[in-house]
Structure formats: C-alpha cells, structure tokens
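Dear colleague,

Please find the structure below, handed over for your attention. A summary of the findings follows it.

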Amino acid sequence: MSTQEHLQFYIDGQWVPPAVPRTLDVINPSTEEVAARISMGSAADVDAAVAAARRAFDGFSQTTRDERLALLDKVLAVYMRRIDEVAQTISLEMGAPLWLSRAAQATVGAGHLKQTLQVLRDFEFESVRGTTGIVHEPVGVVGMITPWNWPINQIMCKVAPALAAGCTMVLKPSEIAPLNAILVAEILHEAGVPAGVFNLVNGDGPSVGEAMSVHPGIDMMTFTGSTRAGIAVAKASADTVKRVTQELGGKSANIVLDDADIEKAVAQGVNACFTNSGQSCNAPTRMFVPRAMHARAVAAAKAAAEGVKVGDALADTGAMHMGPVVSEAQFRKIQGLIEAGIAEGATLVAGGTGRPEGLARGYFVRPTVFADVRNDMTIAREEIFGPVLVILPYDTEEEAIAQANDTPYGLSGYVQSGSLERARRVASRLRTGMVHLNGAGPDFGAPFGGYKQSGTGREWGEHGFKEYLEVKAVMGYQPKQKAAA
C-alpha cells in the first residue's frame, strides 16, 4: 500500500501549506508500516486559523435556524456518501477492525449529525421570564482537541453542535490518527460550510494544542483525552478565562449483583471491555462480582476471553474480531501494566504479556483477564486503555458500591441485576456521569460526561449543544403590565 501524503491544513476554506515545514509519519498499527505522512503545525498556523474563524464568526453567527438546518442536512448527505471511506480510514490509522468501524466508529458520526439536527429543530433560543428576555447565542470561536480512540465520534459530537449553534472553530485532531479528520474537512467543504467556519490544523499538544489553549482569539476550548492532558489545557486556558469543557479518563466499575445471570453478565462485560481493543474511556474495566460467585465468574470470563479472535484491522473476514492497540507506546504501556498485575499478586486467568500466538508484527495485545484483584492494586487504579479486565470479589452490596466509587474517576458505571428496581437503586449511589443498566447501550440524546477527574461539562444531545451557547438576559424585553384600575 502506497504512503498517503497530507501535507496541508484546511484554513479559511482552502488547503494551505504549514508556516514551518515539519512532518510526522502515521503508522498502521496492524503492520507497523508507514501509512501516511502529515504536516505538523505551529503557533503561526493556529494564528492563521483563529483569524479565519474570527472573520467568519460575525456572519455565521447571524445565520438563521433554517439556514443551519439546511447546512447540517447537506453535511449529513455528503458524510453518508463517504461513510465507507471513513470506516476504512479509521481501521487503517488506529486499528479498529473493519466490522467495528462500519458498525460503530463511522456510523456514530452520522448519529451525532442526526441528533444535532433534531436538537436544533426543537431548541428554544429565546424565552421571556416576566419582563426579561433570556436569549441563547453562540459562544464564539471554539478550539477543539480530539483523541484517536473514537476519532469521528469525538470530532462530530463537537463539530455538529458548534455548527448548529452558529460557532466557528479550529480543530486539532490526534496526530496519531489524523486522516479521518482530513476527510471531515473535505466533507464540510463539499457540503458548503462557509470559509473560515471550520479550520483544521494538525499537530501535537505542545506545539498546537497549547497555542490554541492560550490564544486570546479562542472563546472556548473543548478537549477529549487523558486527564493529564486535560489539566494542561485547563491551566493554559485560565489566563484568558475561556470556557473549558473536558471529557477525560475513566476506570468504570461493572457491578454484577447476586441476582444476575452470572455467566451471561460476565460474558457481556468481557466483550464490552474488549470492544475497540479496550481503548474506550467508558469501558467497564473493573468487574465486581459476589465472592460466592467468584469461581463461576472467573470461568465465564476465561471462556469469553479465550474466544476472542485477534487480527489485522483491515481483514474483511465478516466475523467479529479484535484489532491492535493504536501505537507502540500504547502497546508498551499495556504490557507494563499487565506485568504489574502479575507482580502484585493478581491471578492471571487469560492472556498475559506478549502478542497473541501467530502474530509477529503489529501492536496486538492478548485479551487479558485478572481475578482475585484488590482495589488498591495498580491494575485496579490506573486506566490501562487496553483489553485488560480485572475482577474484584466483594462480600456485600455496600462494599461493592464503596469500592466502585473509590477512584479519582467518575465517567461511567454498569450494573447487572435481575431486578431493574435494584439496579436503579445501585445506580443512584454511583458517583459517575453515566450508568448502564443490564447491558443498555449508548444514547445519542443522553448527556455524555463524567464526575470528578473524568471531566467537566457534557457532550451529546441537548446538553452538549448548550455548551456552545452563551446566555444573555435582556431586561425590559417586554413592557411591564399596567395594574388593573
């Protein structure tokens, strides 16, 4: 496969060269070969993109609801025409297997566009409380930093509501998986998004992300990634007092209660943990099971893990399998954490260090399960971001809830129970922004985000849309009613 060249940035409606030439190889994680080459931006490129976004804001912020609905409809139509190209690209650059790219990675982009269209149709931009008008207006120029693990999901759940709100934007996608963002720029251009409304600058955090965060011409930063990097964005943004929303790390608990179908719940939990090679911030990576059922849970988890096939992300086998993790750095981090689990005395049930049998190249990790895990072990504390599940036995429901909450993170939670009422009661005790009951999947209309060090603000649906709006109070909007004679 020939190496793709993407050496320009999309600024003010045009593809332009970087201010200072510097390139980076994009690696195919299935083969460890160079798949593409991109340019890496600098503060000068950010300046140009912000200037374009500021010029475009005056006009775009004044467009009508109907004009933005028509624009988003066109974006959706172009996106759907190129959706298989999006799926292929994501599999190439970050390693999601094609079946997953087609079923989820690419389709979630369309899901966010459709949901945003519905929110925009129904949203009340103006209301009156007494004599005061309450008006919602676009926040301004938005800086967006997105990750590699669900790349189109995180781009579109920011870009779609920003467009719907009347904002303009500068996007820095992950330099590890930037090719899908280039497709997004092409789609938006073809759909007729006005020049300067959307701008794309590739680069890394220190060179481009920081330049965006400190920039006085950016009114809001929205960031998805690690908690460590999110803290850096918030600190860099503080001097200009811009709005900051963050969707950060997680170490989500999956509490299997004693009235659940243990074999079914465990198998479901293993598969959920290993989806996307475990590279999901909301993955159910800590499974709490009743101590009396620990042996049954371990047997079920071992069988589920050993049934997972691993292979090239671009292998179009028609069957479900797991691809590689995204990079050599990620591979090494996961190997180190598996070694830590073994060293700290957890029971290795399945998987372990090294590549799966028969795979000599690529960043492939063995689907791994640990049992007899304590909540103070490294593998129970740190976000591994790989296909590694830890099983923690508990004695009482109260103990399970307390240990589930004993983490600096609070993104998601999972509860499995034969009683929906009981599952809801446990969910109400979890200090997380989201909870999935009995295997319930995601909801594009529901707010996505977390408590504690898992972030600030919300994405998706109406809650995500509101993040891109300022609220203005206009006193005297309505005249006072004269008192009756």
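Two strands are said to pair if DSSP finds at least two bridges between them. Helices (H or I, at least four residues) and strands (E, at least two) are DSSP runs, numbered from the N terminus. The model is predicted: local features need pLDDT of at least 70, side-chain atom pairs count only at pLDDT 80 or more, and totals for chains, interfaces and linings use all residues. Residues are numbered from 1 along each chain as its sequence is written, and side-chain values use heavy atoms, with hydrogens and water left out.

I begin with a hairpin. Strands E6 and E7 form it with 2 residues between them, and Gly130 in the turn has a positive phi of about 70°. E6 (residues 126–129) and E7 (residues 132–138) run antiparallel and are joined by 4 bridges; Gly133 in E7 is the bridge partner of Val128.

Next come the strands around E12. Over 5 bridges, strand E11 (residues 220–224) pairs in the parallel sense with strand E12 (residues 243–247), and Thr222 faces Thr245 in E12 as its opposite residue.

The protein chain is assigned domain 1 (4–248 + 454–473) and domain 2 (253–437), with bounds that come from an automatic or database domain assignment. Their C-alpha centres are 31 Å apart. In contact (heavy atoms within 4.5 Å) are 29 residues of domain 1 and 28 residues of domain 2.

The two domains bury about 2300 Å² between them, 56% of it on carbon and sulfur atoms; buried area is the accessible area (1.4 Å probe) that two parts lose on being put together, summed over both. Of the area that domain 1 buries against domain 2, Glu32, Trp99 and Ser454 supply 24%, more than any other three residues.

The interface of domain 1 and domain 2 holds 2 salt bridges (a side-chain nitrogen of Lys or Arg within 4 Å of a carboxyl oxygen of Asp or Glu). The side chains of Arg102 and Asp316 also meet in a salt bridge, at 3.1 Å, N to O.

Yours sincerely
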